[in-house]
Amino acid sequence: MNSAPEGPDGICITLYRDTGSTQLALNDLSSLRLADDELLWVDACGGEEESLRSVWDALGLKGNSLVACQGSTNPRLEKFAGCFMAKVVAIIPSEALRFRGAVLTIIAGPNFVVTHHDEEIDFLSDIKDRDPDAACDIGCLGEASFVAAVLDWHLSTYFAACARFEVEIERLESRILSDQPPGRSALPQLCAMRGAASRLRRMLAPHRIVFDGLSRADFVPDGNEEVARHLRDLDDRFERAMDVVENARDLVVGSFQLFSTQTELQTNERMKLLTFVTVVTGLLAVIAGALGMNFEANFFGAKTLGFWLAVLLMASLGVAAVVIGKRRGWL
């Protein structure tokens with residue numbers, strides 16, 4: 001399915017009703033009068049300053065909310081006259097667990113929601129790609145409930161990142177437990193995963209101010225109990241996301257312990273082999289030392305034949321020791 005059409009400045013405007021959705025142009029905003037059963041969504045990917053101001057003017061937004069939209073990248077929640085703003089950071093998929101963040105600013109007012117971001121975010125594209133006739137479920141939402149839905153999709157990017165992280169952990173642990181363990185070559189990957197898990201936590205933890213603020217009783221617009229329930233559920237989902245991210249860090253610690261245990265087992269196997277070789281060599285050295293003692297034993301009269309008999313005896317003892325070691329599992 002093709003994406004919803006965007007304006008020349010990356011601005012996509014969609015009007016949702018309980019019967020479906022309609023795409024609008026930027027020029028339509030100035031004459032638009034929203035009914036109570038309608039929801040307007042303006043998504044701006046990048047966008048020129050002039051175009052954004054046109055959106056702000058058409059929706060009656062104050063200039064300070066536009067400044068806040070383009071300011072700091074830290075998660076935040078603010079209320080303005082007749083609207084509120086939530087700024088969050090979504091996870092952008094990337095290779096080798098190099099998690100990147102995309103700042104998403106959401107401004108909601110009476111029957112409208114504006115989202116602003118500098119690069120494409122997959123879940124927003126998925127919403128825009130919906131068939132117009134199948135978008136009636138969005139048209140039944142109020143602005144606060146739609147914001148809750150967008151923030152829920154935002155949290156899903158962290159769940160998806162943790163799922164990818166767990167897959168990589170399982171692959172690494174399979175390598176560690178394989179017949180040919182990676183040895184110290186696994187350490188750089190473990191360090192990279194430790195850094196990725198810490199980055200995920202650093203990106204998600206600052207959002208607590210947003211989700212805690214949304215769940216406060218004084219934040220609910222018009223005391224709507226259904227909206228309040230949506231926002232409380234959203235705060236619960238944030239806590240679950242934090243638990244999953246914390247679990248990702250624990251998985252790295254567990255993988256390192258597995259790596260350490262496997263390394264100790266390899267060291268023990270090498271020590272067993274070294275000990276066995278030392279014992280066998282010591283036994284042969286005892287025989288050689290006995291044969292070198294200065295006694296006039298009849299055996300030494302065998303001369304060359306005696307020498308080869310002694311060599312054969314020591315070789316036989318060595319072979320017998322190896323066979324016994326194999327059967328007993330010492331080698």
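Me: Which strands does α6 lie across, and at about what angle does α6 run to β6?
Reply: This is a predicted model. In the model, α6 lies across β5 and β6. Relative to β6, the helix runs at about 15°.

Me: How far apart are the end C-alpha atoms of helix α6 (residues 186-204)?
Reply: The helix has 19 residues. At 1.5 Å a residue, α6 should span 27 Å. The expected span agrees with the distance between its end C-alpha atoms, which is 27 Å.

Me: Which residues of α6 are buried?
Reply: The helix lies across β5 and β6. Its buried residues are A186, L190, M193, A196, A197, S198, L200, M203 and L204.

Me: How many of the residues of strand β5 (residues 83-92) are buried?
Reply: In a regular strand, side chains alternate between the two faces of the sheet. In β5, C83, M85, K87, V89 and I91 point one way, while F84, A86, V88, A90 and I92 point the other way. Both sets are buried. The strand is therefore largely enclosed by the rest of the structure, with a buried count of 10 of the 10.

Me: Which residue of β5 is the bridge partner of L77?
Reply: Strand β4 (residues 76-80) runs antiparallel to β5, and five bridges join them. The two strands form a hairpin with two residues between them. G82, in the turn, has a positive phi of about 80°. Across this pairing, the partner of L77 is A86.

Me: What does the twist average from one strand to the next?
Reply: The order to follow is β2-β1-β3-β7-β6-β5-β4. From one strand to the next, the twist averages 20°.

Me: With which side chain does the side chain of T115 make a polar contact?
Reply: T115 counts as buried because its relative accessibility is 0%. Beyond its neighbours within four places in sequence, T115 contacts W41, V42, D43, A44, L104, T105 and I106. The side-chain polar contact, at 2.6 Å, is with D43.

Me: At about what angle does helix α1 (residues 49-59) run to β7?
Reply: α1 lies across β1 (11-17), β3, β6 and β7. Its angle to β7 is about 165°.

Me: How far apart in space are M314 and I287, C-alpha to C-alpha?
Reply: M314 is in helix α9 (residues 304-328). Leaving out residues up to four places away in sequence, M314 touches L284, I287 and A288. M314 and I287 are 27 residues apart in sequence. Their C-alpha separation is 7.5 Å.

Me: What percentage of the 331 residues of the protein chain count as buried?
Reply: The chain comes to nine helices and seven strands. It exposes about 18,100 Å², with carbon and sulfur atoms supplying 55%. The buried share of its residues is 39%.

Methods
Residues are numbered from 1 along each chain as its sequence is written. This is a predicted model: local features need pLDDT of at least 70, side-chain atom pairs count only at pLDDT 80 or more; totals for chains, interfaces and linings use all residues. Side-chain values use heavy atoms; hydrogens and water are left out. Buried means under 20% relative accessible area, exposed over 50%, partly exposed in between (1.4 Å probe, protein chains only). A polar contact is a pair of N or O atoms within 3.5 Å; within protein, one must be able to donate a hydrogen and the other to accept it, and residues adjacent in sequence count only if both atoms are side-chain atoms. Contact means heavy atoms within 4.5 Å. Helices (H or I, at least four residues) and strands (E, at least two) are DSSP runs, numbered from the N terminus. The expected span of a helix is 1.5 Å times one less than its number of residues. Two strands pair if DSSP finds at least two bridges between them. Axes are lines fitted to C-alpha atoms, for helices over the stretch in contact, and angles run from 0 to 180 degrees between N-to-C directions. Accessible areas come from the Shrake-Rupley method with a 1.4 Å probe; for residues, only the protein chains shown count as cover.
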